[in-house]
Amino acid sequence: MRELFQTKVVAHSGQKVHLRFQPVMHVLDGTAYGTVCELSRHYEERAAFGPASRSNTASEPAKWLSDRLAEVASAAHTFDNRMRPIIVPAPAAALRDKNTAVGCDAAIRRTTLCQQEVSLEFPDAAFSDGHADAINHVAALRKRGFRVSIDMRKSWQSPLRQGLGLLIDSIRVDAEEVSESDELMDICESASHAGILVIADKANWRDGAFLERIGVKAGVRLRSDC
């Protein structure tokens, strides 16, 4: 799977954006589960507020995310099936933008990818208050064929037991936090039983048996002992 580590530079949005694709693999046998795309720029780093925001497209989260999808698709159109679905980081603000589902759908339709090959990964904080609008917007993305993931590496308050779990394809957790938090272990087990793929970030290969036992079947940026 070494050949899956790739860095691409694209400029569809008028600026160079570096994209790095990391393979998602089974924690025991290395079976491919797709990839995670790492972006060199994040919405929160460029968003503008007040009068300046009127001329800054980065203040429109739906437009910002759809541009990123176009860039990811441009870089990944030659990838084989092992590298799909592609998990793409998405800003929390995009989950509150009513134009996100439509904009992302239109962006992907102009590429060689299909919606099922993309998993939009929103931070846990976007769901932590259990706001119904967030769940409705996830449902709108799923209706258009997109997969949806949750990044739980910093916090894990998403109400997966309150209907959201039925709409989520995968969650990503910090491997070190999993080994130290009983609460996070319980979340991983529950998510796995519900059919959600649990991905550990920066896990050690030697911990594969333990991780699989608590429902963490996949890892990204897996580490060896040497």
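**Entry 1**

I began with Cys-114, which is partly exposed at a relative accessible area of 30%. My terms here are these: buried means under 20% relative accessible area, exposed means over 50%, and partly exposed lies in between, with a 1.4 Å probe and protein chains only. Cys-104 is buried, with a relative accessible area of 0%.

I counted a disulfide wherever a pair of cysteine sulfur atoms lies within 2.5 Å. By this rule I found zero disulfides.

**Entry 1: what I am looking at**

I noted that this is a predicted model, where local features need pLDDT of at least 70 and side-chain atom pairs count only at pLDDT 80 or more, while totals for chains, interfaces and linings use all residues. Residues are numbered from 1 along each chain as its sequence is written, and side-chain values use heavy atoms, with hydrogens and water left out.

**Entry 2: the whole protein**

I looked up the secondary structure and got eight helices and nine strands. Both are DSSP runs numbered from the N terminus: helices are H or I with at least four residues, strands are E with at least two. Of the 226 residues in the protein, 50% are buried.

Next I took contacts, meaning heavy atoms within 4.5 Å. Among contacts between residues at least 6 apart in sequence, 63% join residues at least 24 apart.

The accessible surface comes to about 11000 Å², and 47% of that belongs to carbon and sulfur atoms. These areas come from the Shrake-Rupley method with a 1.4 Å probe, and for residues only the protein chains shown count as cover.

**Entry 3: helix α2**

How far apart are the end C-alpha atoms of α2? They are 22 Å apart, which agrees with the 22 Å that its 16 residues should span at 1.5 Å a residue. The expected span is 1.5 Å times one less than the number of residues.

I then checked burial. Twelve of the 16 residues of α2 are buried, so this helix is largely enclosed by the rest of the structure. Among them are Trp-64, Leu-65, Leu-69 and Val-72.

I stopped at Arg-68, which lies in α2 (residues 61-76). Is Arg-68 buried or exposed? It is buried, with a relative accessible area of 3%. Its side chain makes a polar contact of 2.8 Å with the side chain of Glu-71, and Glu-71 is also on the list of buried residues in α2. A polar contact is a pair of N or O atoms within 3.5 Å; within protein, one must be able to donate a hydrogen and the other to accept it, and residues adjacent in sequence count only if both atoms are side-chain atoms.

**Entry 4: helix α7**

At one end I found Ser-181, in the loop between α6 and α7. Ser-181 counts as buried at 12% relative accessibility. A polar atom of its side chain lies 3.1 Å from the backbone nitrogen of Leu-184. Just after α7, Gly-195 takes a positive phi of about 90°.

**Entry 5: backbone details**

Which two residues does the cis peptide bond join? They are Arg-84 and Pro-85, with omega about 10°. Pro-85 sits in the loop between α2 and β4 (86-89).

I also looked up positive phi values in residues other than glycine. Lys-202 has phi near 60° and lies in the loop between β8 (197-201) and α8 (208-213). Arg-221 has phi near 55° and is found in the segment after β9 (218-220). Lys-202 is partly exposed at 36%, and Arg-221 is partly exposed at 26%.
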